[in-house]
Amino acid sequence: MLTLVPSDPEAFTVPEVMKALRLSRSKVYDLIRTKQLHSFTSGRCRRIPVDAVRQYMNQRLEEAA
């Protein structure tokens, strides 16, 4: 059977990133605005690729080391 919706998302919404990173809405948009977190729009919705969230977390870990 062909499934059209992948089980794991390729991109998160802003609220999903807020929950995953435990950040406020304004902080997520600030990260997007300063290009620390890459994103794109689909219609009127902002989407953040899963890889962009992983890359942001890895950068933060490297800075902390």
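Biologist: How many residues does α3 have, and how far does α3 reach from its first C-alpha to its last?

Modeller: In this predicted model, α3 has 15 residues and spans 21 Å from first C-alpha to last. That is close to the 21 Å expected at 1.5 Å a residue.

Biologist: Which residues of α3 are buried?

Modeller: Val-50, Ala-52, Val-53 and Tyr-56.

Biologist: OK, on to the core. How many residues are in the largest nonpolar core, and which have the most contacts inside it?

Modeller: The largest nonpolar core has 13 residues. Val-17, Val-28, Leu-37, Ile-48 and Val-53 have the most contacts inside it. At least two residues of this core come from each of α1 (14-21), α2 (25-33) and α3 (50-64).

Biologist: Which helix gives the most to this core?

Modeller: α3 does, with four residues. The general background is that nonpolar side chains in soluble globular proteins tend to be buried together.

Biologist: Switching to helix packing. Where do α1 and α2 meet, residue by residue?

Modeller: On the α1 side you have Val-14, Pro-15, Val-17 and Met-18, and they meet Arg-25, Val-28 and Tyr-29 in α2. The residues of that contact divide into six nonpolar, no polar and one charged.

Biologist: At roughly what angle do the axes of α1 and α2 cross?

Modeller: Roughly 105 degrees, and the axes come within 9 Å. Angles of 65 to 115 degrees count as roughly perpendicular, so α1 and α2 are roughly perpendicular to each other.

Biologist: Is Arg-22 buried or exposed?

Modeller: Exposed, because Arg-22 has 70% relative accessibility and the cut-off for exposed is over 50%.

Biologist: What about Lys-35, where does that one lie?

Modeller: Lys-35 is in the loop between α2 and β2 (40-42). Lys-35 also has a positive phi, about 65 degrees, although it is not a glycine.

Biologist: And why does Lys-35 count as exposed?

Modeller: Because its relative accessibility is 64%.

Notes
Residues numbered from 1 in each chain as written. Predicted model: local features only at pLDDT ≥ 70, side-chain atom pairs only at ≥ 80, totals over all residues. Heavy atoms only, no water. Core = buried A, V, L, I, M, F, W, Y, C linked by side-chain atoms within 4.5 Å. Buried < 20%, exposed > 50% of the residue type's maximum accessible area, 1.4 Å probe, protein only. Expected span 1.5 Å × (residues − 1). Axes fitted to C-alpha atoms, helices over the stretch in contact; angles between N-to-C directions. Parallel < 35°, antiparallel > 145°, perpendicular 65-115°, else oblique. Contact = heavy atoms within 4.5 Å. Nonpolar A, V, L, I, M, F, W, Y, C, P; charged D, E, K, R; others polar.
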